[in-house]
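Please keep the sequence and the model in view while reading.

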Amino acid sequence: MNSELPCGKIVGEANEVYHASPSVSVSKMKVFRHSPALYHGRFITKRIPPPEPTPALLFGSAAGALILEGRAAFDERYYVVPEGVGRVRKEDKELRAVMAANNPGKEPLKYEDAMAIERMNKNVHAHHLAGPLLAACKPEITWRIKGDTFHVQVRTDGWSDEGCELTQGVPFICDLKTIPSLPDDEPDTIPRQIADFWYHGQAYVYREIVSEVMKYPPTFRPPFYFGFVEKEEPFAVEVVELDDVSLELANRQVAETITRLKTCYQENHWPLKFKDSWQKKVPAVTLPAYYLKREAGGADIW
């Protein structure tokens, strides 16, 4: 199946086609890093169904559609349930049924969520960094490269071949993320979010795949900019770029992930946890420090 997939820079590939591809993506790598067995069951045998989309995922997807792709793409995929329409009253149920019938294939959005997304969109495009970066980008491009064991693919939120004034003409990748909050007095909020969701792995893989497709020399990798926007008022925006130390860590983690993934494919062995098959001895554990301190002193049992 992999041999039939188009490779290189693919403009206009439907989101459904991208996600149905057997190629390895960053989201699949994250599943594999959690559990090779889960990866095998979800993406190879397909006996484990994917998790149901959560309201947070729907909200993020809708925000991305409007902010990155524009009004037409948003209206093509979503419709807004009027303010005050619930799910209990008979007349509300009937109205929802009519709206669903009139918008086949579209997802309903709560009025409050739709208004929040509108304000997020306004703030992102008005931001002194996010606005110019996104204005220079083409949205939703697929990048896919061939491999001996499996293909690898990424889908950029935004890609700019020619860069912009902010990057002095250097090509770049831009990725939009929603975040619960961006408090001024907690500078570790974004770094924690990046670490918790393995966004540093994403940045490294995207830069490498795009560079492979574009035939960039080993000395150049396009910058990868994260645009974070709050999910709640005041919908603050912040643009950041990972430092070299973080990207070097991502390099090691991605290399380890790809090596172990190839081994699993070649040997058809899928352990329950990422480290299980590569651990050579039974690990020792120590009781919690508070417990050891509390019980210090010991006794002559025998």
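## Overall architecture

The chain contains 12 helices and eight strands, and the model described here is a predicted one. Along its principal axes, the C-alpha trace of the chain extends over about 75 × 55 × 45 Å.

When contacts between residues at least 6 apart in sequence are considered, 63% of them join residues at least 24 apart.

Helix 10, which covers residues 199-214, has 16 residues and reaches 22 Å from its first C-alpha to its last, close to the 22 Å expected at 1.5 Å a residue. Of these 16 residues, 13 are buried, so helix 10 is largely enclosed by the rest of the structure.

How do helix 10 and helix 11 cross? The axis of helix 10 and that of helix 11 (residues 244-267) come within 8 Å of each other and cross at roughly 80 degrees; since angles of 65 to 115 degrees count as roughly perpendicular, the two helices are therefore roughly perpendicular to each other. On the side of helix 10 the contact is made by His200, Gly201, Ala203, Tyr204, Val205 and Arg207, and on the side of helix 11 by Ser246, Leu247, Ala250, Asn251, Gln253 and Val254. By class, the residues of this contact between helix 10 and helix 11 are six nonpolar, five polar and one charged.

## Helix 2 against helix 11

Helix 11 also meets helix 2 (residues 26-34), and the axes of this pair come within 10 Å and cross at roughly 75 degrees. Helix 2 and helix 11 are therefore roughly perpendicular to each other.

From helix 2, the residues Met29, Phe32 and Arg33 meet Gln253, Glu256, Thr257, Ile258, Arg260, Leu261 and Cys264 of helix 11. The residues in this contact of helix 2 with helix 11 divide into five nonpolar, two polar and three charged. Gln253 of helix 11 takes part in the contact with helix 10 and is listed again in the contact with helix 2.

## Helix 3 and its cover

Helix 2 packs with helix 3 (residues 36-44) at an angle of about 135 degrees, with their axes 5 Å apart, and the two helices are therefore oblique to each other. Lys28, Val31, Phe32 and His34 of helix 2 form this contact with Pro36, Leu38, Tyr39, Arg42 and Phe43 of helix 3. By class, the residues in the contact of helix 2 with helix 3 are six nonpolar, one polar and two charged.

Which residues of helix 3 are buried? They are Pro36, Ala37, Tyr39, His40, Gly41 and Arg42, and what covers the buried residues of helix 3 includes helix 2 and helix 11.

## Backbone exceptions in the loops

Most residues other than glycine have a negative phi, and most peptide bonds are trans. Lysine 46, which follows helix 3, has a positive phi of about 65 degrees although it is not a glycine. Lysine 46 lies in the loop between helix 3 and helix 4 (55-69) and, at 58% relative accessibility, counts as exposed. Asparagine 268 likewise has a positive phi, of about 50 degrees, although it is not a glycine; asparagine 268 is found in the loop between helix 11 and helix 12 (289-294) and is exposed, with a relative accessible area of 55%. Helix 10 is followed by lysine 215, whose phi is positive, near 60 degrees.

Glutamate 233 and proline 234 are joined by a cis peptide bond, with omega at about 10 degrees, and proline 234 sits in the loop between strand 7 and strand 8 (237-241). Another proline, proline 218, is placed in the loop between helix 10 and strand 7 (224-230), where proline 218 is exposed, with a relative accessible area of 75%. Between proline 218 and glutamate 107 there are 43 Å in space, C-alpha to C-alpha, and the two are 111 residues apart in sequence.

Key. Residues are numbered from 1 along each chain as its sequence is written. This is a predicted model: local features need pLDDT of at least 70, side-chain atom pairs count only at pLDDT 80 or more; totals for chains, interfaces and linings use all residues. Side-chain values use heavy atoms; hydrogens and water are left out. Axes are lines fitted to C-alpha atoms, for helices over the stretch in contact, and angles run from 0 to 180 degrees between N-to-C directions. Helices (H or I, at least four residues) and strands (E, at least two) are DSSP runs, numbered from the N terminus. Angles under 35 degrees count as roughly parallel, over 145 as roughly antiparallel, 65 to 115 as roughly perpendicular and the rest as oblique. Contact means heavy atoms within 4.5 Å. Ala, Val, Leu, Ile, Met, Phe, Trp, Tyr, Cys and Pro count as nonpolar, Asp, Glu, Lys and Arg as charged, and the others, Gly among them, as polar. The expected span of a helix is 1.5 Å times one less than its number of residues. Buried means under 20% relative accessible area, exposed over 50%, partly exposed in between (1.4 Å probe, protein chains only).
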